[in-house]
Amino acid sequence: MTLDKIYHAAYVLKEAARTTDMIAAPDLCPGGNVWLKTENLQVTGSFKLRGAYYKISQLSDEEKKRGIIACSAGNHAQGVALAAAKNKIPAIICIPDSAPISKIEATRSYGVEVELVKGSYDDAYARAVELQAEQGRTFIHPFNDENVIAGQGTIGLEILDQMPDVEAVIVPVGGGGLISGVAFAIKSLRPQCKVYGVQAAGAASMLKSVQKGKIMTLPAVSTFADGIAVKQPGDLTFELVRRYVDGIVDVTEDEVASAILALMERQKLVAEGAGAVSIAAALYNKIDLAGKKTCCLLSGGNIDVNILSRVITRGLVMGGRNASLTIALIDKPGQLEGVSHIISSHGGNVVSVHYDHSDPNMSINSCFLTLGLETRDHAQLEEIKGALSENGFEIVAGPTVNGNCKA
């Protein structure tokens with residue numbers, strides 16, 4: 001890897017990729033000086049276009065004639081598909097069948113051949129390797145390739161151009177292609193800047209590999225952040241991460257959901273799970289950013305709308321804004337009115353009511369009242385619970401919350 005290669009990639013990408021904005025996010029993480037590099041607004045909705053397009057631009061005429069093959073959870077697929085369509089190159093792309101429908105259909109829209117593979121990204125990779133051997137096509141790896149890494153490294157050049165005094169950069173990590181390129185570019189030009197990686201806790205292959213000092217393969221991955229659901233990092237990316245990255249942390253599914261919701265509400269930006277892990281790390285204080293001018297890289301915005309509705313609900317629960325309380329009552333007139341009055345007087349809103357008389361452990365004249373509530377935050381929810389208890393109502397079940405997010 002060289003800076004010249006990354007600068008050359010930046011020159012080539014002028015015809016295909018846009019320079020994405022750097023947006024201040026003063027309200028996103030109180031106390032932190034956070035800015036957002038909006039690759040979720042990139043062509044195809046993801047940074048992946050950069051590496052895929054540059055890699056394909058460097059193929060020989062003979063390689064282009066034989067065609068290309070790739071594997072992807074969706075974003076790399078779209079980058080490869082766009083580049084193949086622009087250059088009139090025949091392409092096959094293997095995508096795990098668990099990928100969001102929106103990403104699959106967006107890839108097909110470019111006119112390439114798509115093969116859905118049962119399982120995860122690594123299963124799609126195995127199938128792509130098999131087809132490559134059979135047909136002699138050129139394999140466009142999503143992360144473990146110098147030209148792909150150089151293409152992603154152009155983001156590092158843009159960050160330094162837009163924010164020359166940046167002190168910390170937080171980057172999502174799957175197989176490691178993005179952070180390898182970004183970290184190499186930034187450390188080469190501004191070595192004092194810290195570069196941190198973030199992985200989903202259910203797919204922390206790079207984190208575990210760095211901890212063990214050798215490439216580790218996870219038996220399985222489990223995360224809705226499909227763009228970074230990788231069982232094993234690449235050998236090239238592993239070495240670059242070990243050399244140029246200052247640290248890697250992981251975030252939970254709930255933390256990512258809260259980050260997506262915070263981005264939508266406060267910044268009016270839509271990010272997919274993989275794209276929002278950098279924000280989750282900042283929100284949940286996974287990295288010490290006190291006093292640092294920080295850039296969080298939003299790597300993609302291609303989230304399936306069906307997943308988005310569930311993510312929003314989970315984010316509301318995590319923020320203490322959507323809760324369910326179950327109260328044991330004596331079934332007599334006025335009970336619901338009393339409960340409702342307490343909740344409304346403390347600013348809460350009842351959105352659903354369910355009576356249960358069927359529990360065999362309760363008295364004949366008793367019931368369980370389960371209420372769905374909208375509240376401002378955890379503090380207001382605790383205030384309502386305390387008022388209910390003070391007025392003699394027994395709460396038998398309520399929300400459980402992990403972490404200390406203020407989102």
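Q: How many bridges join strand β3 to β6, and in which sense do the two run?
A: Three bridges join β3 (residues 68-71) to β6, and the strands run parallel. Strands are DSSP runs of E of at least two residues, and helices are runs of H or I of at least four, numbered from the N terminus. Two strands pair if DSSP finds at least two bridges between them, so β3 and β6, with three bridges, count as paired. One of the bridges has Ile69 facing Phe139 in β6.

Q: What kind of model is this, and which pLDDT limits apply?
A: This is a predicted model, in which local features need pLDDT of at least 70, side-chain atom pairs count only at pLDDT 80 or more, and totals for chains, interfaces and linings use all residues. Residues are numbered from 1 along each chain as its sequence is written, and side-chain values use heavy atoms, with hydrogens and water left out.

Q: Why are β5 and β6 said to stand at the edges of their sheet?
A: The open sheet has the order β5-β4-β3-β6, with parallel pairing. β5 (113-117) and β6 (138-140) each have a single partner strand, so one side of each lacks a neighbour in the sheet. From one strand to the next, the twist averages 25°.

Q: What makes α1 and α2 roughly perpendicular?
A: Helix α1 (residues 3-13) packs against helix α2 (residues 48-57) at an angle of about 95°, with the axes 10 Å apart. Axes are lines fitted to C-alpha atoms, for helices over the stretch in contact, and angles run from 0 to 180 degrees between N-to-C directions. Angles under 35 degrees count as roughly parallel, over 145 as roughly antiparallel, 65 to 115 as roughly perpendicular and the rest as oblique. The two helices are therefore roughly perpendicular to each other.

Q: Which residues of α1 and α2 meet?
A: Contact means heavy atoms within 4.5 Å. Lys5, His8, Ala9, Val12 and Leu13 in α1 meet Leu49, Arg50, Tyr53, Tyr54 and Ser57 in α2.

Q: How many bridges join β11 to β13, and how many join β11 to β14?
A: Nine bridges join β11 (residues 322-330) to β13 (residues 366-374), which run antiparallel. β11 also pairs with β14 (residues 394-397) in the antiparallel sense, over three bridges. Leu329 stands opposite Cys367 in β13, while the bridge partner of Ala328 in β14 is Glu394.
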